[in-house]
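Look at the sequence and the model below.

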Amino acid sequence: MRQKNKTDFLVLILLGVLVMIIAVPTGNGKKASEDSTRETESRSGETQVQTEEEYCSSREKQLEKLISRMEGAGQTKVMITLADEGETYVDKNTVKDETKSEETTVVYDCGDKEAPYVIRRTRPKVEGVVVVCEGGGSPRVVTQISDAVMSLFGLEAHKVVVLKMSVQEEQQ
């Protein structure tokens with residue numbers, strides 16, 4: 001018979017964690033609206049609330065950074081409009097009798113209040129993008145930027161506009 005060592009102990013702990021992950025409830029959830037807020041998880045594991053404006057602003061900054069790195073684009077400003085706020089699905093407990101069915105939202109205690117148990121979130125859908133850049137007068141640059149934006153956000157061509165930056169804006 002072999003002696004138990006640290007490796008065996010580690011394997012047992014990992015198996016226990018795996019069983020706990022599998023045991024987490026995942027039932028059928030329905031949408032729950034949140035006043036244009038989204039929760040994101042930070043690197044420290046804390047949940048942070050992100051407003052619709054913050055979400056849009058962060059996407060605009062990422063896109064500006066990307067486009068300004070493209071050859072010929074130059075200085076760039078981006079505006080993104082969102083079609084919705086995204087969707088939040090919460091866990092529901094369903095109790096069925098012979099005559100009726102009753103659903104209740106699963107909640108968990110957050111200290112001084114209760115919050116619904118969220119099983120899935122979808123991001124807001126981007127409705128349109130306007131890009132203003134120094135290279136916006138070049139058909140090649142306009143095509144490259146439009147193609148990049150369409151592929152990133154799954155947009156149709158008529159929902160992406162690329163314009164040349166004005167001379168006053170270039171000098172600032």
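## Isoleucine 80 and its contacts

In this predicted model, isoleucine 80 touches Cys56, Arg59, Glu60, Leu63, Val126, Gly128, Val129 and Phe153, leaving aside residues up to four places away in sequence.

## The nonpolar core

Ile80 is among the residues with the most contacts inside the largest nonpolar core, along with Ile67, Val129, Val131, Ile145 and Val149. This core has 19 residues. At least two of its residues come from each of α2 (52–68), β4 (76–82), β10 (126–133), α3 (139–153) and β11 (160–164). In soluble globular proteins, nonpolar side chains tend to be buried together.

## Cysteines

Cysteine 56 has a relative accessible area of 11%, so it counts as buried, the limit being under 20%. Cysteine 133 is also buried, with a value of 0%. A disulfide is a covalent bond between the sulfur atoms of two cysteines. A search of the whole structure finds zero disulfides.

## A nonpolar patch on the surface

Some nonpolar residues lie on the surface: Val11, Leu12, Leu15, Leu18 and Ile22 form a patch with about 490 Å² of accessible area together. One of them, leucine 18, lies in helix α1 (residues 6–23). Leucine 18 counts as partly exposed because its relative accessibility is 45%, between the limits of 20% and 50%.

## The whole chain

The protein chain has four helices and 11 strands. Of its 172 residues, 23% count as buried. The chain exposes about 12,700 Å², of which carbon and sulfur atoms supply 53%. Among contacts with a separation of 6 or more, 66% are between residues 24 or more positions apart.

Note on methods: Residues numbered from 1 in each chain as written. Predicted model: local features only at pLDDT ≥ 70, side-chain atom pairs only at ≥ 80, totals over all residues. Heavy atoms only, no water. Core = buried A, V, L, I, M, F, W, Y, C linked by side-chain atoms within 4.5 Å. Buried < 20%, exposed > 50% of the residue type's maximum accessible area, 1.4 Å probe, protein only. Contact = heavy atoms within 4.5 Å. Disulfide = S-S within 2.5 Å. Patch = residues over 30% accessible without salt bridge, like charges linked within 9 Å, V, L, I, M, F, W, Y side chains within 5 Å. Areas by Shrake-Rupley, 256 points an atom, 1.4 Å probe, with all protein chains shown as cover. Salt bridge = Lys/Arg side-chain N within 4 Å of Asp/Glu carboxyl O.
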